[in-house]
Amino acid sequence: MAKFNFTLNAARMDASGHYDFQNVFEFPDFIEMRPTLRAAVRTVAREAFDQPVLPVKVERMTTSLEEQLERETRKYERQVSVYDNQKSERNQLVRLFTQVLQVISRTDEITEELEDIIYAVNQTRLSLIGLPALEGTGELYDADRDRELIVGTYYHFVTRLLVRPYLRDMQGDLVPENVTAAGRHLVVRMTTYAYRDWDAYLVHEYDEQHLIKNEKGLTNTAYYDKLEAVELKYADHIYAEVLADTYQEFVKVLVPDQLERFEIMSSDLRPLLAKNPGLRIRLAAIVNRHFKLDQDGYEHVMDAPLQEIKQKYQFYRENFS
């Protein structure tokens with residue numbers, strides 16, 4: 001088993017008072033790291049049980065731990081501090097990251113990719129350990145609490161533009177009282193996309209398709225109808241690409257000319273936009289293009305993909321039934 005010094009490069013506050021919180025979920029190559037991190041969390045979940053249990057229980061705990069790791073880490077990154085009542089929660093989060101590190105390092109074959117993952121996870125762990133303390137109270141993690149978009153961040157900026165046609169007062173804030181029912185549905189949808197695990201989402205689609213393909217006694221027409229229904233159900237995965245492409249264009253505009261780093265879930269655009277109104281116009285233009293906004297401000301991301309799916313299965317039914 002490899003040995004690592006997990007106390008190196010601890011995060012510290014610099015002379016200007018800046019605390020460099022490093023978050024594994026914001027590392028540029030996190031997408032490549034994710035499978036290894038997920039496998040380690042699954043091992044932690046499995047070893048939490050004193051006796052063998054059904055695989056579904058392990059998967060449920062794995063999903064719960066993954067979500068807790070990311071949501072709590074992003075909370076402390078936003079705070080860049082820890083309140084008195086949060087110290088026990090923070091310490092438990094540090095222990096969870098320590099367990100993940102121990103699982104990942106259970107090998108004698110340390111590749112460069114594995115070293116990168118260990119470094120990223122450990123830097124996050126050290127950032128949590130070194131958080132400056134604040135007096136008072138802060139929010140504690142609640143797995144059942146409705147997720148919300150953080151005001152001023154990337155997802156909030158995009159959603160605020162998309163919801164404009166649904167605002168009662170165009171100059172008002174993005175609050176429930178100022179948004180129509182259709183607009184509130186859009187906000188919920190965008191919030192879901194912001195926190196959705198798209199990899200797991202696609203796995204669910206593949207599983208449903210697999211069940212249909214192994215279902216016996218289906219006519220060709222019924223087979224195509226069922227496959228079409230599943231593809232339409234999961235067609236909104238296109239938003240993962242649209243949101244990612246839009247974010248990457250934001251990064252090109254903002255880094256390094258405007259910001260040293262632009263984090264998708266935590267960087268606050270409000271101070272920057274207040275000083276530079278022209279920047280808001282540039283960023284809005286990017287959103288307009290990627291989300292295919294019409295002259296009234298309504299987005300049309302799904303129009304073409306849904307039409308293509310329907311045409312494809314109509315062709316199958318007409319030619320192969």
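**Figure 1. An overview of the whole chain.** The predicted model has 12 helices and 2 strands. Following the sequence, these elements come in the order α-α-β-α-α-β-α-α-α-α-α-α-α-α. Along the principal axes, the C-alpha atoms take up a box of roughly 65 × 55 × 35 Å.

**Figure 2. Helix α2 meets helix α3.** Here is the pair from the opening question. Helix α2 spans residues 55-79 and helix α3 spans residues 87-104; their axes come within 11 Å and cross at roughly 125°. The crossing of α2 past α3 is left-handed. On the α2 side, look for Leu65, Gln68, Leu69, Glu72, Thr73, Lys75 and Tyr76, which meet Glu89, Arg90, Leu93, Leu96, Phe97 and Val100 of α3. By class, the residues of this contact are 7 nonpolar, 2 polar and 4 charged.

Figure 3. Val80 is not a glycine, yet its phi is positive, near 50°.

**Figure 4. Helix α5 packs with helix α6.** Helix α5 (residues 154-162) and helix α6 (residues 181-195) have axes 10 Å apart and an angle of about 155° between them. Angles over 145 degrees count as roughly antiparallel, so α5 is roughly antiparallel to α6. In this pair the crossing is right-handed. From α5, the contact uses Tyr155, Val158, Thr159 and Leu162, while α6 brings Leu186, Val187, Met190 and Ala194. Sorted by class, the contact has 7 nonpolar residues, 1 polar residue and no charged ones.

**Figure 5. A look inside the largest cavity.** How many cavities of 30 Å³ or more are there? The count is 1, and the largest cavity has a volume of about 40 Å³. Its lining is made by Glu148, Leu149, Ile150, Thr153, Tyr155, Ala194, Tyr195 and Met265. Of these lining residues, 6 are nonpolar, 1 is polar and 1 is charged.

**Figure 6. Helix α7 alongside helix α8.** Which way does α7 run relative to α8, roughly parallel or roughly antiparallel? Helix α7 (residues 198-213) and helix α8 (residues 220-233) pack at about 175°, and their axes are 10 Å apart. With that angle, α7 is roughly antiparallel to α8. To trace the contact, find Tyr201, Glu205, Glu208, Gln209, Ile212 and Lys213 in α7; they meet Tyr223, Lys226, Leu227, Val230, Glu231 and Lys233 in α8. The class counts for this contact are 5 nonpolar, 1 polar and 6 charged residues.

**Figure 7. The cis peptide bond at Pro256.** Val255 and Pro256 are joined in the cis form, with omega at about 0°. Pro256 sits in the loop that lies between α9 (238-254) and α10 (270-275).

Conventions. Residues numbered from 1 in each chain as written. Predicted model: local features only at pLDDT ≥ 70, side-chain atom pairs only at ≥ 80, totals over all residues. Heavy atoms only, no water. Axes fitted to C-alpha atoms, helices over the stretch in contact; angles between N-to-C directions. Helix = DSSP H or I, 4+ residues; strand = E, 2+ residues; numbered from the N terminus. Left-handed = near helix turned anticlockwise from the far one by under 90°. Contact = heavy atoms within 4.5 Å. Nonpolar A, V, L, I, M, F, W, Y, C, P; charged D, E, K, R; others polar. 1 Å grid on protein atoms, 1.4 Å probe; cavity = no way out; pocket = protein on both sides within 12 Å on 5 of 7 lines; lining within 4 Å. Points joined across faces, edges and corners; volume = space filled by probe spheres on them. Parallel < 35°, antiparallel > 145°, perpendicular 65-115°, else oblique.
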